[in-house]
Amino acid sequence: MEINDQNLEALATYLRKTLSPNGDERAEAERTLKQIERNENYSSLLLALCESSTVPDEIRRASVITFKNFIKRNWPSLDASSSTTNPISIRDRNHIKEHIIELMTRSPEHIQQQLSDAITVIGQCDFPDQWPTLLDTMVRLFQQPSTQNSFQAINGVLKTAHSLFERYRYEQRSDELWLEIKLVLEKFAPAFTELFKSLMAYYPQRESDVIEMKNIFDSLYVSIKIFYDLNAQELPEHFEDNVTVYMTHFMTLLSYDHPKLHSDRHDPGVLDQVKTEICRAVALYADNYSDEFKPFAQPFALAIWSLLTRLNLSPAFDDLVGTAMKFLSTLAARSHHCSMFEGGETLKIVCEQVILPNLFLRETDVEEFEDNPEEYIRKDIEKSDSATRRRAACDFLQALCIFFESQVVAIYSQYIEAMQKEYLQNPTQNWSKKDACIFLVLALASKGETQKFGITKTSSFISIPAFYSNSILTELQNSDVNSLHLIKADCLKFLTHVRNQLDRDALVKSLPECARYLSSTNTVVHTYAAHAIERLLLVRHPADPKHTSITKNDLISHAQSMYDNLFRILTAEKSYENEYVMRAVMRLSSSLHDGVLPYLNQLMEKLVLILRRSSRNPNKPNFNHYMFETISVLIRTSVTQNTGVLSQFEQVLFPVFTPIFTDDVAEFVPYVLQILGFLLESHRVDVMPLPDAYRILFQSILTPTFWDRSGNIPALSRLLQAYIEKAGETIVLEKLTTVLGIFQRLVSQSKVHDHEGFAILNALIIHLPRIHLDNYLKEIFIVIFTRLTKAKTQKLIKSIIVFFCYFAVKYGAQELITHIDNIQPNMFQMVVERLFLPELSKIEESNKKLCAIGVTHILCDPIPMTTGAYFGHLWLPLLQALLQLFESSNELQTMSAAEKKKQLQEEAEEELLVGLDDTPDYTPAFSCLAFAKKPHTDIFGSGIPDTRCHLAKCLQTLTAAHPNQFTSLMTNGLSTEHLSHIQKYCSLADVTLT
């Protein structure tokens with residue numbers, strides 16, 4: 001496409017049609033643009049339209065947005081030289097890079113922003129190697145004469161520079177990164193510093209021109225961000241040489257004021273933004289470059305806490321207050337800076353005038369509590385309040401406590417006592433004092449806290465149990481659950497935080513109080529009550545950490561009322577998808593153990609109704625996860641007591657699961673598949689045949705499109721393995737070629753899910769008689785070795801080793817060697833040398849017993865290994881690898897069958913106890929259900945309790961058949977340590993080698 005008026009007019013016409021209210025016309029224009037975008041000069045034509053002042057503004061805007069999106073889609077291509085794979089030719093790329101910076105500086109602000117975004121994409125791909133002129137161009141534009149238009153251009157260049165340099169803040173150090181930063185410092189930093197100095201010299205002359213002042217301070221704002229970018233990795237020599245220049249100007253800006261540079265709304269003004277970035281930059285220096293910053297620490301501390309005392313409670317100052325206090329926190333937490341807070345009067349001023357005012361809730365916080373409870377909860381429970389004044393004040397307070405704890409506690413103890421008294425005199429009027437008091441006690445008392453356990457370490461100066469008993473529990477015992485909602489929420493939150501600091505009696509006494517607040521009409525209160533219950537049920541008994549403090553017997557008398565109130569919330573309009581409430585239902589059901597069985601029917605009835613409703617619009621991932629976990633808990637508990645109830649679950653769940661499949665509710669399908677697998681695994685087919693519904697379902701899960709979605713595959717694989725185990729010779733056998741096709745597809749085409757293909761294959765080896773697989777074995781081995789040749793990964797190697805060990809155990813090691821060598825003569829030697837020897841010790845713990853037994857049989861059974869071609873090269877190295885596996889694994893240490901069973905039971909209980917302590921690791925693809933997790937099965941059971949004894953007995957048989965041959969080989973070839981291990985195993989097995 002040539003750049004001429006005709007093509008410009010045609011392109012403008014298509015762009016105009018993309019704005020048409022007519023959907024068909026709009027779609028046709030978008031298709032046409034998609035077709036012509038591969039033509040050379042397409043991007044140049046778009047830029048020409050952006051630049052033309054005679055083109056209507058809506059077309060210029062459409063043109064620049066189209067250009068930006070075109071760049072985003074196509075510039076990062078790995079093969080820019082190929083016109084078939086990338087529509088932007090080398091010529092077009094060079095043309096864009098030559099002109100886009102200057103075009104951006106000449107453009108109106110709304111065009112400039114879009115071009116800056118495009119430049120960022122190009123720069124991230126091409127800078128510095130493929131765009132060596134970029135820095136020179138930016139520096140040249142810095143040096144224009146100071147005019148209003150030039151500031152607009154400078155701001156565009158600065159914003160682009162920041163977008164390119166911002167990654168220096170967080171990117172991991174590397175030689176490549178530092179070479180790039182070095183180049184930027186050499187070419188950009190000197191001109192940048194001169195620009196900063198000129199801005200500082202220029203703004204006092206223009207104070208009467210508000211528009212120009214805003215432009216200048218916009219430039220200063222982005223400049224300070226760039227200062228942070230360039231100093232984030234380490235202190236560059238240029239900035240060390242100019243540290244006094246920058247710090248002096250930063251101090252000037254901190255003390256500067258101009259009424260027209262503040263915002264008259266809730267958003268910060270540009271001067272407030274400048275001061276915020278200065279606080280962020282000096283905090284970086286105080287934290288990372290303390291020696292260089294030491295001369296400036298005291299003046300900045302005084303200036304910043306003076307600034308804090310002058311700021312009002314407007315949300316416009318929130319970022320500034322938070323960042324300023326973070327700077328002060330950095331100083332307070334460092335031994336070489338903390339001395340500036342010493343002295344009773346200084347500390348008192350900071351505590352009273354800087355921290356305390358910011359601990360109180362503001363009107364906006366209270367409005368959020370009432371009008372936007374979800375956001376309030378998200379900030380409060382989920383700790384997303386890191387940018388709030390209150391959190392910053394709390395962090396500053398805790399930083400002061402590192403070196404001045406006793407003094408800080410003494411100062412605030414007076415306020416705590418006074419605020420408590422004021423509240424008790426008039427709770428309705430002075431509730432904010434109680435709120436601040438609770439927050440203050442938590443901040444002072446907490447010396448260590450996790451999301452999982454709440455407060456784990458407390459201050460020796462504060463008695464949490466006493467404060468809870470005197471000030472929190474008494475509040476919770478108030479008969480009116482709908483009075484002073486915010487204080488009740490505070491008290492419930494306090495209990496949740498300190499739960500591990502309270503004794504069992506206090507927890508048991510608190511439980512019914514929490515249960516009462518489930519009936520509160522306030523969303524935050526009943527959510528916090530549900531959250532508190534769920535967290536309390538996880539607190540461990542101090543004398544027996546494997547069990548919880550609150551037992552089944554403690555819960556039974558409250559269970560019905562708790563369930564009633566929890567499900568009342570889940571059916572209310574405002575909270576029907578409240579994840580904390582559903583998690584409380586899940587935890588209560590789990591903690592009741594078999595005590596949940598009397599409620600089973602009512603619970604399943606309500607859960608199915610919720611499931612039907614949520615499946616129509618599954619927009620709350622965590623809620624959905626806990627809903628399916630709750631169903632899993634009920635199934636697990638019931639089936640443990642009586643497998644006969646399986647049919648009842650199937651009758652209730654199959655009708656609601658079917659539409660989820662037919663409507664392809666993608667978010668729910670992986671969960672449904674997991675539960676179906678769990679149900680099928682729980683069937684005892686020796687007692688009762690499978691229901692026909694499973695035969696019908698089997699046809700569906702084999703559909704290829706079902707396996708196209710990555711998130712389905714782990715659950716589909718598990719369900720298919722359950723079918724192979726429970727109905728291998730009935731349902732599965734009819735579709736065996738299809739099942740093997742799924743194995744082939746997973747192993748051949750997916751590095752992510754190849755292990756699932758092997759899991760299906762292993763299930764076939766274990767559960768199907770060999771006669772059904774004989775005709776397919778050659779092809780199976782070809783598939784495996786083809787994939788191994790094309791794309792070898794450690795995960796693949798481990799999967800192959802496990803499969804070979806299953807094969808050796810089930811069909812014999814001789815058959816394994818024969819099948820491998822049929823692929824290629826002497827292939828087995830390569831398998832041992834390249835797979836078994838280097839990777840055997842890296843096998844997952846759960847598979848080590850199988851691999852130990854499999855390798856034992858490879859060593860002791862097949863003729864090629866004991867007397868044939870592989871004896872001389874492989875026998876001793878493979879034995880050494882096996883001995884290393886034994887000694888590296890706790891799984892293979894001596895343990896009786898009874899002890900092993902007890903350990904597995906305890907591990908299972910422990911896993912279920914702590915399962916889902918925190919928000920689940922949810923991804924749109926797949927999230928594993930902890931309460932429906934497939935248990936690890938030992939195919940050997942008690943038949944081989946100790947694999948080391950099994951090796952010793954197999955070696956005894958081998959050495960008896962070949963006297964002196966193997967004992968001599970081991971004596972001469974093994975280390976003293978390995979020989980002593982074998983002697984120990986023989987002693988354990990009570991055998992002697994000959």
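Is Tyr246 buried or exposed, and with what relative accessible area? Tyr246 is buried, at 1% (buried is under 20% relative accessible area, exposed over 50%, partly exposed in between, with a 1.4 Å probe and protein chains only). Some notes follow.

1. Ground rules. This is a predicted model, where local features need pLDDT of at least 70 and side-chain atom pairs count only at pLDDT 80 or more, while totals for chains, interfaces and linings use all residues. Residues are numbered from 1 along each chain as its sequence is written, and side-chain values use heavy atoms, with hydrogens and water left out.

2. Helix 13. Tyr246 pairs with Phe250 in a tilted arrangement, 6.1 Å centre to centre and 55° between the planes. (Rings of Phe, Tyr and Trp, the last by its six-membered ring, pair if their centres lie within 6.5 Å; planes under 30 degrees apart are stacked, over 60 edge-to-face, the rest tilted.) Both residues sit in helix 13, four residues apart, about one turn of the helix. (Helices are DSSP runs of H or I, at least four residues, and strands are runs of E, at least two, numbered from the N terminus.) Phe250 is buried too, at 0% relative accessibility.

3. The structure holds 45 aromatic pairs. Tyr203 and Tyr256 have ring centres 5.1 Å apart and planes at 70°, so this pair is edge-to-face. Tyr203 is in the loop between helix 10 (189–202) and helix 11 (210–231), and Tyr256 in the loop between helix 13 (243–255) and helix 14 (270–288), so the pair ties together parts 53 residues apart in sequence. Tyr203 counts as buried at 4%, and Tyr256 does at 11%.

4. The core. Phe188 and Phe341 touch the most other members of the largest nonpolar core, which has 352 residues. (Such a core is a set of buried Ala, Val, Leu, Ile, Met, Phe, Trp, Tyr and Cys residues joined through side-chain atoms within 4.5 Å.) Helix 20 (residues 389–425) gives the largest share, 16 residues. Beyond its neighbours within four places in sequence, Phe188 has contacts (heavy atoms within 4.5 Å) that include Leu135, Phe142, Phe165 and Ile226.

5. Charges over rings. Arg93 has its charged end over the ring of Trp75, 4.5 Å from the centre. Arg390 lies over the face of Phe439, at 4.3 Å from the ring centre. (The test is NZ of Lys or CZ of Arg within 6 Å of the ring centre and within 35 degrees of the ring normal.)

6. Thr662. This residue belongs to helix 30 (residues 646–662). Thr662 is exposed, with a relative accessible area of 61%.
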